[in-house]
Amino acid sequence: MALDIQKIRAQFPILHQQVNGKPLIYFDNAATTQKPQEVIDALSNYYHMDNSNIHRGAHTLADRATRYYESTRTLLKDFINAKEEAEIIFTKGTTEGINLVATCFGKKFIEQGDEIIISTLEHHSNIVPWQILCEEKGAKLNIIPINEEGEIDFEAFENLLSSKTKLVSIVHASNALGTINPVEKIISKAHQVGAKILLDGAQSSSHLEIDVQALDCDFFVLSAHKLYGPTGLGALYGKREVLDAMPPYQGGGEMIKEVTFAKTTFNELPFKFEAGTPNIADVIAFGKALEFINDLGKKAIKAHEDELLSYASAELSKINGFIPVGTAKDKVSVISFNINGMHPFDVGMMLDANGIAVRTGHHCTQPLMQRFGIEGTVRASFAVYNTKSEIDTLVASVAKIAKLKNKS
Amino acid sequence: MSINKVQEEIIEEFDILGSDRESTIFYIMEIGAKLPEMPENDKTEENIIKGCQSKVWLSASEAQGKINFLADSNTDITKGLISLLIRILSGRTPEEIIQAELYFIEKIGMGNIIGSQRSNGLAAMIKQMKLYALGYQAKLNS
C-alpha cells in the first residue's frame with residue numbers, strides 16, 4: 001500500500017518551517033535524516049522519567065532504563081536479522097564501528113604482507129582506518145576500481161583477491177553517488193579465499209532491507225542518525241565467533257568480568273566492546289526510530305524513494321548544463337550532479353536561497369572525486385517524507401541556476 | 001574616491017537589492033564576472049589564500065607607492081566577494097589599506113548572506129590584503 005506522505009510529514013516538526021523566506025525543502029538526507037516526534041519525545045521522556053545508569057543498579061529506575069536500552073538492541077537485532085543480541089554492539093556511529101574492527105580485528109588477525117581490499121567508492125571513514133592499520137602492520141591496501149557509471153569493476157575485484165586477502169571492507173550503498181554494490185557476490189567471493197567481510201551500511205540501512213544472516217557478512221556497521229534516530233550513535237554487528245576471537249576495544253567499566261591488579265577478565269559479548277556508561281538516552285530514542293521505520297515498512301519506503309529518484313533523475317536530465325555524476329543501474333535515492341561552468345558551492349548557496357538544503361563538496365570521498373576528475377558535486381538525497389512537489393521546486397531552481405552559464 | 005566613499009556606494013547598491021537572498025547572490029556573482037582577469041601564471045600555490053574553502057588566488061604589485069591587487073577564484077560567489085574588496089582597496093597606499101575599517105561587511109549583513117564558512121574565507125582575504133600592505137610598507141620605508 002502506498003504511504004500517506006502528508007501524514008508522515010506531520011510527524012516531523014522540523015520540516016514545517018521557512019528558510020530564507022521559502023518553505024524548507026530538506027534534501028540532505030544522506031548526511032542525516034530528520035527525527036520524528038516520537039524520537040524527540042523519547043529523548044526528553046528519558047531525562048524526565050527514567051534517567052539512571054544501566055545494568056548494575058538495584059533500583060527501579062536503573063532496571064527500567066536497562067530494559068528500555070536493551071529493548072533497542074533487540075529491535076536492532078531484528079532490524080538486520082542478526083542471530084542474537086550479543087552480536088549487536090552500540091557505537092558512536094559507523095565511523096567508530098569501522099575503527100573498532102580495524103583496531104581489534106587488525107590487532108589479532110592482520111600481519112605483515114596481508115592484504116585488505118576496499119573500493120574507490122569508499123567514504124573516508126572506510127579508507128583512513130585501514131591506511132593506519134596497514135601502515136602499522138606492514139599490510140597492503142588494495143582498491144577496487146570503478147567504471148564511469150560509478151559501479152565497481154567486479155573482474156578487477158576478483159583479480160585482487162588472493163590467499164593474502166584477510167579482509168574486504170566495502171560500502172553497501174555509496175553516500176556520494178548512491179550506487180548499490182553487488183554485495184552478495186562480493187561476500188561469497190571474499191569468503192572463497194577465506195577473507196572476512198565488512199559492509200558499511202551507513203547509507204543502505206535506511207533504504208534497503210538488511211538481513212546479515214542471508215548476506216553472510218562478518219561485520220555490518222550503521223549510524224542511527226541516518227535512520228531517523230539521534231546523532232552520535234551507531235551499531236556494529238559482528239558474527240559471534242569473529243567478535244569472540246577479537247580482543248576488547250577500550251578498557252573501563254561495563255566491559256570487565258573481574259578486575260584485580262594482577263589480571264582482568266573481560267565481560268561477555270556485547271559488553272566486552274561497550275566500555276563506559278553508554279549513550280543511554282539516544283539508544284532508547286533510537287528504538288523509537290526503528291519502530292517508526294518498521295511501522296512504515298522498508299518495502300514501502302523504498303518504493304516511495306525509488307519513485308522520487310526516477311522522477312528527479314528524469315526531470316533534472318532535461319536541463320541544459322545538468323551533468324549527473326554516478327549513473328549506476330542500481331541506486332539508493334541519491335542524485336549527485338554538477339552544472340556546467342559552475343562550482344558546486346555556488347549552486348548549493350543558490351539552492352539554499354530558495355529554501356532547498358543539499359550537500360555540496362567532496363562528501364568525504366576525495367579519492368572518488370579524483371577518479372571523476374572533479375572537485376565535488378551537488379548532492380540531493382531523498383527520504384520517506386520528501387514529495388514530488390518538492391522535487392518540482394528543486395528542478396525549477398536548478399534550471400534557473402543552470403541558465404546563468406548555459407544559454408539554451 | 002576615499003575608501004569609505006566606496007564602501008558607502010556598495011552599501012547603497014546592496015540596499016537597492018533589498019532582502020531577497022537569491023538576487024543578492026546573483027548580484028555578487030555578476031560583479032565577480034567583471035573582475036579583471038588574473039594571468040594564469042599568477043595562479044600559483046603561493047598565491048592561494050589559506051583559510052578559504054574554495055580556491056582564491058591573490059597577488060599584489062606596487063607602483064608609485066600604491067598597491068594593486070589581482071585575484072581569481074574557482075567559485076563565482078567568492079570571486080564576487082574578492083572583487084568587492086579589490087574595488088575598495090586596490091590602488092591605495094599601504095597605510096590606507098592597513099588602516100581601512102571595512103564596516104560595509106556588517107552594514108550589508110554579509111554574514112547572513114554568505115554564511116559562516118564563507119565569512120571566514122572573506123576574513124582570510126582581508127587579512128592577506130593587509131599582510132601584503134604591511135610588506136610593501138616595510139619595503140617602501142626601507
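**First stop: a helix in chain B**

Select helix 3 of chain B and colour by burial: B:Asp76, B:Ile77, B:Thr78, B:Lys79, B:Gly80, B:Leu81, B:Ile82, B:Ser83, B:Leu84, B:Leu85, B:Ile88 and B:Leu89 are buried. Buried here means that 20 or more other C-beta atoms lie within 10 Å of a residue's own, with 12 or fewer counting as exposed, anything in between as partly exposed, and C-beta atoms placed from the backbone. Helices (H or I, at least four residues) and strands (E, at least two) are DSSP runs, numbered from the N terminus.

Before you click on: this is a predicted model, where local features need pLDDT of at least 70 and side-chain atom pairs count only at pLDDT 80 or more, while totals for chains, interfaces and linings use all residues. Residues are numbered from 1 along each chain as its sequence is written, and chains are lettered from A and ligands numbered from 1 in the order in which they are written.

Back to helix 3 of chain B: 12 of its 14 residues are buried, so the rest of the structure largely encloses it. From first C-alpha to last, helix 3 of chain B (residues 76-89) reaches 20 Å, close to the expected 20 Å (1.5 Å times one less than the number of residues).

**Zoom out to chain B**

Show the whole chain as a cartoon. Chain B has 6 helices and 2 strands, running α-α-β-β-α-α-α-α from the N terminus. Its C-alpha trace spans about 50 × 30 × 25 Å along the principal axes. Of the 142 residues in chain B, 38% are buried.

**Last stop: the core**

Now select A:Phe219, A:Phe220, A:Tyr237, A:Ile284 and A:Ala289, the residues with the most contacts inside the largest nonpolar core, which has 153 residues. Such a core is a set of buried Ala, Val, Leu, Ile, Met, Phe, Trp, Tyr and Cys residues joined through C-beta atoms within 7 Å. Domain 1 (5-30 + 298-401) and domain 2 (40-294) of chain A both contribute residues, so this core lies between them; the domain bounds come from an automatic or database domain assignment.
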